[in-house]
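Trainee: Before we go on, could you take me through the terms used for this model and show how each value is set against its definition?

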Amino acid sequence: MAPRFIFLRLFLPVTLFVSIAAAQIDFSQVAINSEDTSTASIAEGDFDNDGVLDLVTVNETSLSFYKGLGNATYASPINQPLPQYRGQAFAADFNRDGNLDLAIGAGPYSGIGGVTILLGNGDGTFRQGTNIPVKGNANYIALADFNGDHLPDIAVSTGEVFLGKGDGTFRRSATLPEAGNQILTGDFNADGNQDVVTIASDIVLYLGKGNGRFKPPLHSGLSASSIAVGDFYNDRVQTLVALISIYGGQGNFENDLYSLRYSQGQLLVENKYVINPESGDPFMRVIGGDLDGDFKDDIFLVGGNFMGSAVSGYMLGNGDGTFRPPQPAPYWMDLQDFPVVRDLDLDGRHDIAIAWTSIFDNIGGAEALRNTNAKVNCTPPGPDGLAVHVCALKNGQQVGQTFTFRAAGNARSGYAKRMELWIDGKKVAQNLEDQLKAKISLTRGDHAASFVVVDSFDKHVSKPVKFSASY
């Protein structure tokens, strides 16, 4: 299907109307039928331990495994039964056996349901683990390490936080007083502890204490349909964007977009945009990531309408909490949800994986958008372990007064969320993604560099390189 065009109105002292020309990022689209009637969510990971990223989708009554064939292409799905109306899914190694497992939320139509834990067999199939009961319905979940033990923990939209024991089971550590909708994690005050942000009556931030417990809620006063985390201000601190879908009547929707950040005890709301999809169909979900390779986080938006067609687009970030006009992206069928940003084909560019559903045809499945023209900094290592690939600095190399260090990381469990550069025992640069690019001024003499990758549960590995500077 051809992408539709999007219009933007930016709220500044002068209101600007910008019509959209050709897209700035090219995507190659692959869509695969799950052979089930609808698809709720998607997750990525190396589920069969062959060093290639695969996909799984959570469908109405089944779980589909799509074996990765390389270049963001996939085999036809292998399905196994799953209880009805499951929802958001994430992959991690919960029992430390080296195989990726799944945590799956209950979904919005399941009535009352907890978190389903499926333990991976290392071949793309899964067996039932110990489910997590919750006080309500686990519409949304999020994974992080909340207590510093480098094990995956789970936050649930019921307001409950569960700490992983490392054996596939969990214990409740905290109950958040206000929650109920989408829930995300990040370090929003840069203190090294993972925080929780959720949509309740408004967007609410809970700063983590580092022990599985949290400080009292900070309210933004802004309601939202969807939120996303990223380094949108390019200051190495995680911030937020919020998406609000507003029905304007006669089948047309308007989307408002805001930037948010934590500052001095407050969750500040900034930079309002109004996005009017030409189709009238609403954006429903937003996610952050560096799409064009300039080390400034962008956003990708998906959605659709049960009475119409899907809609998809992206907005490139300026690095100051603002974004350039939206561009259209390929979409598939009637509804798209839970996009994932990751380098699926290991070419150094960030791609998109999306769950899709055709309401009228009663089918769903997986979609992959391969990014084919973004800037490439460094190709990452495979996803079969936590590892670093150094692209610009060789052991024993002699460099000049300044040198641009380049590297990329990848993770087995979760994803690579941060890259760091240390020189002579001092951290000199970091990026909150799986890529590192840093131009550093050097003193004459011998030096020791260490390239560090950190996964989403704060495990890290480093790759040392010795070099000298002569000028």
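Mentor: Let us start with D424, which sits in the loop between strand 36 (416–423) and strand 37 (426–431), where strands are DSSP runs of E of at least two residues, helices are runs of H or I of at least four, and both are numbered from the N terminus. This is a predicted model, in which local features need pLDDT of at least 70 and side-chain atom pairs count only at pLDDT 80 or more, whereas totals for chains, interfaces and linings use all residues. Residues are numbered from 1 along each chain as its sequence is written, and side-chain values use heavy atoms, with hydrogens and water left out.

Trainee: Why is D424 called partly exposed?

Mentor: Buried means under 20% relative accessible area, exposed means over 50%, and partly exposed lies in between, with a 1.4 Å probe and protein chains only. D424 has a relative accessibility of 46%, so it counts as partly exposed. Its phi is positive, about 55°, although D424 is not a glycine.

Trainee: What makes D458 buried?

Mentor: The relative accessible area of D458 is 17%, and therefore this residue is classed as buried. D458 belongs to the loop between strand 39 (445–455) and strand 40 (460–469), and it has a positive phi of about 65° although it is not a glycine.

Trainee: How is the lining of the second largest pocket divided by class?

Mentor: Ala, Val, Leu, Ile, Met, Phe, Trp, Tyr, Cys and Pro count as nonpolar, Asp, Glu, Lys and Arg as charged, and the others, Gly among them, as polar. The lining of this pocket then divides into three nonpolar, four polar and five charged residues.

Trainee: How many cavities of 30 Å³ or more does the rule give?

Mentor: The count comes to four. The second largest cavity has a volume of about 70 Å³, and among the 13 residues of its lining, D290, G293, G348, K375 and Q435 lie nearest its centre.

Trainee: What makes I440 a contact of Q401?

Mentor: Contact means heavy atoms within 4.5 Å. Leaving aside neighbours within four places in sequence, Q401 is in contact with I440, S441, L442 and Y471. Q401 itself lies in the loop between strand 34 (397–399) and strand 35 (402–410), and it counts as partly exposed at 47% relative accessibility.

Trainee: How do you know that the protein chain is as compact as a globular protein of that length?

Mentor: The protein chain has zero helices and 40 strands. Its radius of gyration is 21 Å, close to the 23 Å that the globule rule gives for 471 residues, so the protein chain is as compact as a globular protein of that length. The radius is taken over C-alpha atoms, and the globule rule is 2.2 Å times the number of residues to the power 0.38. Buried residues make up 59% of the 471 residues.

How values were computed
On a 1 Å grid over the protein atoms alone, a cavity is a set of points where a 1.4 Å probe fits but cannot get out, and a pocket is an open set with protein on both sides within 12 Å along at least five of seven lines; lining residues have an atom within 4 Å of a point. Grid points are joined across faces, edges and corners, and a volume is the space filled by probe spheres set on the points.
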